[in-house]
Amino acid sequence: MKKVEIFLCTLIFVLIALIIAPFQFGVRDNTEELPLIYETLGIASYPNDSYVEFHSTNFTQAVPYTLGLSAIKRAFPFVPLSVIFFCINTVVIALLYIAVRKMLRHIAAPSEYTVLLCSLGIFVLQKAFYSLFIPYFGFIPSVLDPTFMGGVIAILMIALYLEKNSALFLASLFVATLVHPTTSMLLFPGIVAMYIARRFTKQASSNDTIIMIGASVFMAMYGFLLWQPSHQTVLSTLNI
């Protein structure tokens, strides 16, 4: 019965989230990634577009994300790209619920309905935060955006850190950095703080924490080196 309750609450959360932020293909933030994906797949060409040309000829923060989506499309050639985007969009929403549930279990023993309410609150606050600091998102931005996706994975990383699951923590850190390089940069201070707290309470394993901090430093450096040049050239002209 517990698994059924978890599944139903996850499903309810996904449906409510899709009502709050309906999926829109090719609108707002999707418009940045789609030309790069079309160019990679050979579906379309943009010879006079400086944005597409720059990201197609340089390794920037957009390249791992768009190459990943392009690879998924190649793996499912008969599935429309809009369907692929919708499926990823739905998975990201469900992942947010799972991440919040994992994190809350380390604080208390909440019911699934409490997890549902907290997840909805975090979902709305996360979107409000991004819309406040990134005006082009609008009040309710799409879930399928590297910034939002990186934030969801970041919440999952916190839960995995608390669970002392170093393997999945490092895997999620790697994915989060590929999706949006600045995620690891922004998370690094928090990871260090949790490391210090765990060392202070003598709950940390030396090997695990060294791996975690070492990987975090590497990802933070990678994110900084990757984001800085592209942000100062093309994206600065877009006021992003």
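1. What is the volume of the second largest pocket? In this predicted model, where local features need pLDDT of at least 70, side-chain atom pairs count only at pLDDT 80 or more and totals for chains, interfaces and linings use all residues, the volume is about 380 Å³. Residues are numbered from 1 along each chain as its sequence is written, and side-chain values use heavy atoms, with hydrogens and water left out.

2. A pocket here is an open set of points on a 1 Å grid over the protein atoms alone, where a 1.4 Å probe fits, with protein on both sides within 12 Å along at least five of seven lines, and lining residues have an atom within 4 Å of a point. The second largest pocket has 17 lining residues, and Ile88, Met149, Ile153, Val175 and Val179 lie nearest its centre. Two or more lining residues are given by each of helix H4 (63-75), helix H5 (81-104), helix H7 (146-162) and helix H8 (166-179), with the largest share, 5 residues, coming from H4.

3. Ile93 belongs to helix H5 and counts as buried because its relative accessibility is 0%, buried meaning under 20% relative accessible area with a 1.4 Å probe and protein chains only, exposed over 50%, and partly exposed in between. Between Ile93 and Met149 there are 9.0 Å in space, C-alpha to C-alpha, although they stand 56 residues apart in sequence.

4. Ile12, located in helix H1 (residues 2-20), counts as partly exposed because its relative accessibility is 37%.

Notes
Helix = DSSP H or I, 4+ residues; strand = E, 2+ residues; numbered from the N terminus. Points joined across faces, edges and corners; volume = space filled by probe spheres on them.
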